[in-house]
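Trainee: I would like to go through the chain interface and the cavities of this model.

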Amino acid sequence: VNLVPVTYKGGVYRHDEIMDLIEDLGGYIIQKHVLAQEVVLQALVPKEDIDLIATIAKPLTGEIIPSPLVGTEIAVVTMSLEIHHLPHASCDVAEYIRRNGAKTNMVGLARGFGKRIAQLNDEERDVINEHDLAVFLLGDFETCIQQKFPVLRRGITVPIVICGGPDKETLQRIIDPPVEGYVGGIGRFMHRTKESEELEKLDEVVTEITRVLDGQREEIAKDPPSVSPARLMDVINEQVDEIHEVLSPTPITVQMTGLRVKLPYDTYARILKNLAIEGGVTVGEIADIVPSRMRDYILIRIKPFSETNIMV
Amino acid sequence: MDAVEYFEVECPEKAGGEYYQRIADVVLLDHNLIRVIRKLHIFIDPRIPLFIATGVTRKLPGIVHIRDFADVSVQEQKVILSIGDEAYLAPLLKILWEKYGKERVEQPDRFTIVIRIEGAELKEIEDVPVYDPTESLYKDLIYALQVIQPEGFKVRRQYYGKEKFYLVASENTLPENIEEIVREKFALMGESL
């Protein structure tokens with residue numbers, strides 16, 4: 001089945017029926033927020049059943065919106081966590097992407113500021129590389145971006161989308177070798193983004209990220225992971241009880257080809273490795289289970305079909 | 001920034017300069033400093049790199065003396081101060097303790113201070129300076145300029161006084177002729193340091 005990422009918004013009343021429906025159709029619920037009387041579900045659902053869900057949700061005044069960033073984890077890299085960059089623009093961008101369904105983590109560099117003195121340490125590099133995509137929020141001057149960006153991108157293997165003050169063409173000119181995405185006109189600013197043209201800029205960031213991730217998805221589709229990450233999440237949710245005691249908003253974060261499980265590595269890595277998915281296939285056979293550099297979490301990297309010759 | 005007589009951002013990169021114009025505007029507004037500033041010239045050159053902010057303030061409120069916020073009555077054995085504005089009480093007490101000793105300064109209630117001294121002059125007590133608002137204002141101003149400047153510029157030099165102020169910042173050692181450059185920037189506003 002072809003699963004597509006969507007967001008469902010509706011009332012609390014009878015929302016469990018929608019959840020059951022999505023699960024019965026073979027979809028997965030990635031995250032559920034209950035905000036007072038409102039429920040927001042981020043889910044992957046079969047493409048051909050979207051109309052059916054919309055029809056059933058209509059009497060409940062629920063709506064279903066395609067949101068291409070659901071099921072991805074994105075690093076928003078800000079040059080520092082000082083007042084110069086927080087809360088605007090870093091939080092504005094991170095929050096806006098989050099509203100579009102992605103799980104965002106903000107990575108505040110210890111020494112990202114400055115032109116000559118900017119640095120990226122190994123921990124920052126590894127944390128960024130654990131994500132599906134990194135959004136770099138740079139400053140207003142092209143001279144600085146040109147000089148510091150080669151240092152900041154060193155060792156980064158995930159796709160990069162750059163946001164900076166100069167226009168898009170300038171960014172494309174000064175960045176060599178090219179990165180996957182560019183958004184110009186969104187550098188350092190100190191006011192809240194609330195005017196329509198500023199919101200359009202944020203929309204542009206989302207569009208650019210979506211474009212880059214769609215390209216990634218196409219690549220992945222050529223050699224798909226041995227199990228869908230959302231399905232593996234379900235397996236862990238069913239078989240590992242302790243995951244329900246984790247207080248994070250997403251105890252299991254779904255990525256495009258993996259999962260971040262927020263349980264201590266030392267205790268749970270072995271348990272996860274031996275989990276049976278289906279027909280005697282265990283998680284250990286189709287995925288690498290490695291310690292994450294974020295706290296003591298576990299990172300599951302699902303191997304592609306070409307490596308395992310198993311598809312469950 | 002309409003209330004400011006002169007406000008310019010000078011920058012070799014046009015787009016960058018425009019962004020910094022907005023940043024300076026927002027920061028000064030957020031820190032409630034717009035009405036304090038009369039002229040402001042900001043120079044940024046990311047190539048050197050160098051950041052210079054020079055400015056002139058409006059006429060600032062003067063030093064607060066005891067007579068401005070308290071009634072003094074001198075008696076034979078003691079002096080009684082009736083406080084009108086509590087805002088300056090803490091610095092006042094500190095000064096009195098230092099001058100007369102804690103054992104002589106009593107505070108029977110929030111608005112009264114009794115100093116047990118003999119033969120004090122009314123004028124002498126009334127004219128004690130308590131608080132200089134310009135000091136904290138200039139500090140706020142310099143802090144705001146540090147928020148405006150690009151973050152990586154860690155080498156700084158600042159000056160304030162006589163209604164003028166400047167902040168120079170860079171990533172590298174400041175050029176030797178920096179004072180000269182600052183004077184030039186003041187000259188652009190029609191002022192001299």
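Predicted model: local features only at pLDDT ≥ 70, side-chain atom pairs only at ≥ 80, totals over all residues.

Mentor: Residues are numbered from 1 along each chain as its sequence is written, chains are lettered from A and ligands numbered from 1 in the order in which they are written, and side-chain values use heavy atoms, with hydrogens and water left out.

Trainee: What area is buried between chain B and chain A?

Mentor: Contact means heavy atoms within 4.5 Å, and the contact takes 23 residues from chain A and 26 residues from chain B. Buried area is the accessible area (1.4 Å probe) that two parts lose on being put together, summed over both. Carbon and sulfur atoms give 57% of the area buried between chain B and chain A, which is about 2000 Å².

Trainee: How many residue pairs are in polar contact across the interface of chain B and chain A?

Mentor: A polar contact is a pair of N or O atoms within 3.5 Å; within protein, one must be able to donate a hydrogen and the other to accept it, and residues adjacent in sequence count only if both atoms are side-chain atoms. Across the interface of chain B and chain A, with both residues at pLDDT 80 or more, the number of residue pairs in polar contact is 18.

Trainee: Which helix gives the most to the side of chain B that touches chain A?

Mentor: Helices are DSSP runs (H or I, at least four residues), numbered from the N terminus. Helix H1 (14–30) and helix H5 (133–148) of chain B each supply at least two residues of that side. With nine residues, the one that gives the most is H1(B).

Trainee: How much space lies in the largest cavity?

Mentor: A cavity is a set of points on a 1 Å grid over the protein atoms alone where a 1.4 Å probe fits but cannot get out; lining residues have an atom within 4 Å of a point. Grid points are joined across faces, edges and corners, and a volume is the space filled by probe spheres set on the points. The structure holds two cavities of 30 Å³ or more, and the space in the largest cavity is about 330 Å³.

Trainee: Which residues that line the largest cavity are the closest to its centre?

Mentor: Helix H5 (residues 142–152) of chain A gives the most to this lining, with three residues. Of the 27 residues that line the largest cavity, the closest to its centre are His85(A), Gly139(A), Asp140(A), Lys148(A) and Arg188(A).

Key: 1 Å grid on protein atoms, 1.4 Å probe; cavity = no way out; pocket = protein on both sides within 12 Å on 5 of 7 lines; lining within 4 Å.
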